[in-house]
Amino acid sequence: MLDYQAEISFSFLPDKVSHIHPISTSIFKFVVRRRRDEMWRLKIAEGGDDPYLYSTNEYVGRQIWEFDPNYGTPEERAEVEEARLNFWNNRFQVKPSSDLLWRMQFLREKNFKQTVAQVMVGAGEDITYEKATTALRRAVHFLSALQASDGHWPAENAGPLFFLPPLVMCVYITGHLDTVFSAEHKKEILRYIYCHQNEDGGWGFHIEGHSTMFCTALSYICMRLLGEGHDGGLDNAVARGRKWIIDRGGVTTIPSWGKTWLSILGVFDWSGSNPMPPEFWILPSFLPMHPAKMWCYCRMVYMPMSYLYGKRYVGPITPLIQQLREELHIQPYHQINWRSVRHLCAKEDLYYPHPLIQDLIWDSLYVFAEPFLTHWPFNKLREKALQTTMKHIHYEDENSRYITIGCVEKVLCMLACWVEDPNGDYFKKHLARIPDYLWVAEDGMKMQSFGSQVWDTGFAIQALLASNMSDEIGPTLMKGHDFIKKSQVRDNPSDDFRSMYRHISRGSWTFSDQDHGWQVSDCTAEGLKCCLLFSMMPPEMVGEKMELERLQDAVNVLLSLQSKNGGLAAWEPAGAMEWLEILNPTEFFADIVVEHEYVECTSSAIQALVLFKKLYPEHRKKEIDSFIAKAVRYLEGIQMPDGSWYGNWGVCFTYGSWFALGGLVAAGKTYYNCTTVRKGVAFLLKTQMGDGGWGESYLSCPRKEYVPLEGHRSNLVHTAWAMMGLIHAKQEERDPAPLHRAARLLINSQIEDGDFPQQEITGVFMKNCMLHYAAYRNIYPLWALAEYRRRVTLPGKSF
């Protein structure tokens, strides 16, 4: 038995090769209890002494994890291990983590103890003002205790399972695997992979998704690069993953992004990929498919991809790579007809089937263009294209302090810089920013999209302000205000930014922190709303208000991002021709080639500009009035036949409807004067569950139709969104019963310390990939209870 237990303890160690059989809870518990040296701590707003690291605002918002073998008492370490065990035992029931490690750390460091007694509301019992206040106060105190020293609220922002493996591949290729990832890093990465392996042996596109070839192959390779043997891994993870791959014909059916990464690693051949010619970056600007007309994320991904493709770069062919060539294919590597696999995609991965015209374009480039561009004299053109592409990569890197726009782009740009100059400063600056992307929770170490510091903090502040408990949380509000002010982007991108296809950013807020640099319209609107709300409060409580010029800069950004149809784009002005979407080269995303308008961005901007106009009525008055009128027409025009709105960044119709109703009501629309509002309310009332809550499956997002959670379960975050949508439309004046039922569910679901339980994943991007916003479970139930208590007449409420 002891040998068996020792064998299992090696399952999280990268330098061991182990063969693990299914294990019982008791054995697993014994093993994790034995290892009490595993303590990670979250560090806030620190830069260290790395000469290749720099910041525009002294690292405000930065959140990085550090392993400290001496941190924590035996009891505290045992608490962490218990959280890990609980996640493992329930990993197929609740797949997102509760993000407990940093919460334990913060609550412990602040000596937080919930002093407000828990309340419950019985069946048939009325919710009194006192009980609503008590539940709200508990949530307010708990959320306030989770605030970081620089004023923001940390949280996991992850979930897709294709984020981290490319980073492991990159540092393996460049020879930096053991310097970037310590043994403890590797153990936590493996823990994450094991925790999110599906029961069929594969890994999903995201943690709640069905198994896909893309993420199963990437996870398999990641385990092997981190030291797991041919039959290693916890619960036989490696062998089960390989069987899933081989049973489906091997990795030749991996989607195009997978073909690219496997070609770079050396377990695929570049001739099995469709062309990504870097000459794209020197096309004349008048062409409809010019890079400037692409959606920024698409542009940023294919920029370094095209550089690596143009170089046909392949990493070192080590003995391990030779083994992977044998393990991942169903026929000998050198006998594969690579040309014939270019258009293959596993059915499990296929969300956006390529139209015939796109395949014909790739075939033409493959057969006719590439042979010319890779031979003299046309290879001179390729050399120029590669230089231009790298010029753009360096520009984007510098303007994001080497964070880049997101994690997919980060790894590709970092590798491109290494390929250009393995010993250059560009690559070293990239290495310094890797910690900004890593996150540790009870399910292990994952790679974040890039962090949601500003986004989460903006909503947390509004939720706390809605509680009307400012006198109890003054220091929290002051720190939050300070963070928001310090996180505003103060300058446009450097030099002639328009020639580099960039838009204005001065006055904006990013999704994460100021160093990131990329303006986002709804983040800007929410940041502006916070500053305007704080400007109406006593400065001795919340700090000095933001200067008018900086508020006006934010307004300028919002006005610049409205499209002709009235909707608001997220990052850059939309306007490219929609037909370009037929050139979407991915198989698992939709609508990624050009920028689009979004209900959430449009609604956030309406609300921010209405408030700005109230306080500063003469500034750009005609333009703001016109903006709001056009935006309202856009919201009315995109309503679905059932009265809902499709949410682009949250799940899904519930989320979109909350935003849309908030924007319409802010602009003066009401239940009584607007059919659109009435239809939106009817949708929310119709989808309320029997227990008073709302619960929507993430499947609504890819299917683009409302799908309830399996078993008609409720989700507290969805419930909060729906409640606030109804309260926007003054449901309490017509029939408060639906609100009472929903509030009862929230109050009775609150945990003893004031937290709320983690449930299903609630975020999404590009329709088919889910994101876990771990802070949502604290922000939105609190906010909904605050609005309920403030707006609904309750027994015992005095006016």
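Predicted model: local features only at pLDDT ≥ 70, side-chain atom pairs only at ≥ 80, totals over all residues.
Q: What is a pocket, and what volume does the largest pocket have?
A: The search uses a 1 Å grid over the protein atoms alone; a pocket is an open set of points with protein on both sides within 12 Å along at least five of seven lines, whereas a cavity is a set of points where a 1.4 Å probe fits but cannot get out. Lining residues have an atom within 4 Å of a point. Grid points are joined across faces, edges and corners, and a volume is the space filled by probe spheres set on the points. Here the largest pocket has a volume of about 920 Å³. Its lining has 28 residues, and Gln 462, Leu 533, Gln 607, Glu 787 and Arg 790 lie nearest its centre.

Q: Which helix gives the largest share of the lining of the largest pocket?
A: Helices (H or I, at least four residues) and strands (E, at least two) are DSSP runs, numbered from the N terminus. Helix 25 gives the largest share of this lining, five residues. Among the other helices that supply at least two residues each are helix 18 (453-466) and helix 31 (776-791).

Q: How does the lining of the largest pocket divide by class?
A: Ala, Val, Leu, Ile, Met, Phe, Trp, Tyr, Cys and Pro count as nonpolar, Asp, Glu, Lys and Arg as charged, and the others, Gly among them, as polar. The lining of the largest pocket has 15 nonpolar, six polar and seven charged residues.

Q: What is the volume of the second largest pocket, and what lines it?
A: The second largest pocket has a volume of about 710 Å³. It is lined by 34 residues, and Pro 275, Pro 277, Phe 280, Trp 362 and Leu 365 are the closest to its centre. Helix 14 provides the largest share, six residues. By class, this lining has 24 nonpolar, eight polar and two charged residues.

Q: How many cavities are there?
A: The whole structure has eight cavities of 30 Å³ or more. The largest cavity has a volume of about 500 Å³. Its 33 lining residues include Tyr 297, Phe 450, Trp 571, Trp 649 and Phe 765, which lie nearest its centre. The lining has 28 nonpolar, three polar and two charged residues, and helix 12 gives the largest share, four residues.

Q: Is helix 6 buried or exposed?
A: Buried means under 20% relative accessible area, exposed over 50%, and partly exposed in between (1.4 Å probe, protein chains only). Ten of the ten residues of helix 6 (residues 164-173) are buried, so this helix is largely enclosed by the rest of the structure. Just after helix 6, Gly 175 takes a positive phi of about 85°.

Q: Which residue other than glycine has a phi near 50°?
A: Arg 312 has this positive value. It lies in the loop between helix 12 and helix 13 (319-328) and is partly exposed, with a relative accessible area of 29%. Asp 235, also not a glycine, has a positive phi of about 55°; Asp 235 is buried, at 17%.

Q: Where is a cis peptide bond found?
A: The bond from Trp 376 to Pro 377 is cis, with omega near 5°. Pro 377 is in the loop between helix 14 and helix 15 (379-399).

Q: What is a salt bridge, and how many does the structure hold?
A: Side chains of opposite charge can pair when their charged atoms come close. A salt bridge is a side-chain nitrogen of Lys or Arg within 4 Å of a carboxyl oxygen of Asp or Glu. The structure holds 46 salt bridges. In one of them, the closest N and O atoms of Lys 186 and Asp 178 are 2.3 Å apart; Lys 186 is buried at 11% relative accessibility, whereas Asp 178 is exposed at 57%.

Q: Why are Glu 184 and Lys 187 separated by about one helical turn?
A: An α-helix has 3.6 residues a turn, so residues three or four places apart point the same way. Glu 184 and Lys 187 are three residues apart in helix 8 (residues 183-195), and therefore about one helical turn apart. They form a salt bridge, with the closest N and O atoms 3.1 Å apart.

Methods
Residues numbered from 1 in each chain as written. Heavy atoms only, no water.
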